[in-house]
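Hi,

Here's the structure I promised to pass on.

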Amino acid sequence: MSSSQTASARPFTWSDLRPGRFMKRFMPRGLFGRSLIIIVAPMVLLQGVVSYVFFERDLDTATRRMASDVAADIALLIAQEDTFPSPMREKLRSVSARQLRYDIDLERGARLAPPVKERRSTIDRALDEVIAQQIGEQRHFTTASVAGKRRILISVDVHDGVLHVVVPRDRVTVSSPDIFIVWMVGSSLILLAVAILFLRNQVRPIERLARAAEAFGKGRAVPDFKPYGATEVRRAAQAFLTMRERIERHVQQRTEMLAGVSHDLKTPLTRIRLQLAMMREDAETGALRQDVAEMERMLDDYLAFARGEGGERSQLADLGHLVLDAAQAAGRARPGRLKVDTPQGVMLAVKANALRRCVTNLIDNALKHGSSAAVTIALEQRFAEIRVDDDGPGIAPEQRDDAFRPFHRLDEGRNLQAGGVGLGLTIARDIARAHGGDLLLSESPLGGLRATIRLPM
């Protein structure tokens, strides 16, 4: 399970209520998401402040100024209704409707009920306040939107009824809010698209560097990787290339040194073997032959440890078929003692010869120290696991780390390094780690030791 999945699966605690940790819990994990938040968050905050200032201050001021003109017209119409006689009021009402472009109507004998306070928009509240200042708070009036909110109906108590005045809404409010919102949202979307494009181009070199480092960690060649992108990313990529060259040079020098030592030592060993072959067979010569054979095996182990199968290239292979071949080769001399369960079709890029040697070594150890062994392949979420179980004495948990130490041999009854120089498990773990995985030791369901080769998929 990855670290991000572990963090998301972690239960909520009271310490998560701290502001820093609470925000970190919901922050994006990737650089692209975090960089995008750095750009988007100030933009949204700025738009919120600008919108508040515009709608609550400038728009309110403009609305009050425009509403004062309409309120003055309403006050004039009220004065006409309350001052002049009925025949003249009708003529004045007709002239006012034509000149002011209002729809004016008188509902005789009607009276308005006291207005009920309710939550209304900023524009409606401003209009009510301005009209109340013009005509006085003692006179009842109401305002309401009509005709799809394109016009406003103003009803006012007059001398002999209720005066209804229909005013176009653009006479009361400015028409710029919609345009302002469109321009603000449109420009934000354009800036966001440009930011996403540029951020993606800046993050892509980092992602490519991460893939190259991961491939190198798995022992795969990355011949086409070249530094590009921002200066800092180029420096990091160049540092990675320098590190890779140093590691490869170090491995090559170690291999060449031990190969030379092995060659130089095998020459006198060959002469000793020839001399022993011409000598008479007795107990002493037999012991010397065993010593020479042990020395040659030690030299082979030294060379294998230094080489680490580093010269082999990774190729796509069927993991089940590869493990089955290794198991059949290792169990051929011990028929009936090995059980194999390897599904086919699990394709991985691996160093086939190195991995085959690793599996064969573990199976040989399992059969050497147990009466039976089992080899299985299990697929986890991001890993493929090759498990080798036996029913032998096993290794105590406190000694499992020591079993991987180079040239270290366990002194207990279960010794995976028996017959060698203490490099068997070390070489096997080096091969597993060269694939980007690891070799783990645990207790087997069979009662002995379980050796698990974990390979990333």
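Before the notes, one term: a residue is called buried under 20% relative accessible area, exposed over 50%, and partly exposed in between. Also keep in mind that this is a predicted model.

Let's start with the whole protein. It has 11 helices and 11 strands. Of its 457 residues, 36% are buried. The accessible surface is about 27,100 Å², and carbon and sulfur atoms account for 57% of that. If you take the contacts between residues at least 6 apart in sequence, 63% of them join residues at least 24 apart.

Now zoom in on helix H3, which covers residues 31-83. Val 53 sits in this helix. Is Val 53 buried, partly exposed or exposed? Its relative accessible area is 36%, so it falls between the 20% and 50% cut-offs and counts as partly exposed. Val 53 also belongs to a nonpolar patch on the surface, together with Leu 45, Val 49 and Tyr 52. Together the four have about 390 Å² of accessible area.

What does its side chain make a polar contact with? The partner is the side chain of Tyr 102, at 2.8 Å. Leaving aside neighbours within four places in sequence, Asp 73 is in contact with Leu 100, Tyr 102 and Arg 171.

Cheers

Key: Residues are numbered from 1 along each chain as its sequence is written. This is a predicted model: local features need pLDDT of at least 70, side-chain atom pairs count only at pLDDT 80 or more; totals for chains, interfaces and linings use all residues. Side-chain values use heavy atoms; hydrogens and water are left out. Patches are made of residues with over 30% relative accessible area and no salt bridge: like charges are joined within 9 Å, nonpolar side chains (Val, Leu, Ile, Met, Phe, Trp, Tyr) within 5 Å. Accessible areas come from the Shrake-Rupley method with a 1.4 Å probe; for residues, only the protein chains shown count as cover. A salt bridge is a side-chain nitrogen of Lys or Arg within 4 Å of a carboxyl oxygen of Asp or Glu. Helices (H or I, at least four residues) and strands (E, at least two) are DSSP runs, numbered from the N terminus. Buried means under 20% relative accessible area, exposed over 50%, partly exposed in between (1.4 Å probe, protein chains only). A polar contact is a pair of N or O atoms within 3.5 Å; within protein, one must be able to donate a hydrogen and the other to accept it, and residues adjacent in sequence count only if both atoms are side-chain atoms. Contact means heavy atoms within 4.5 Å.
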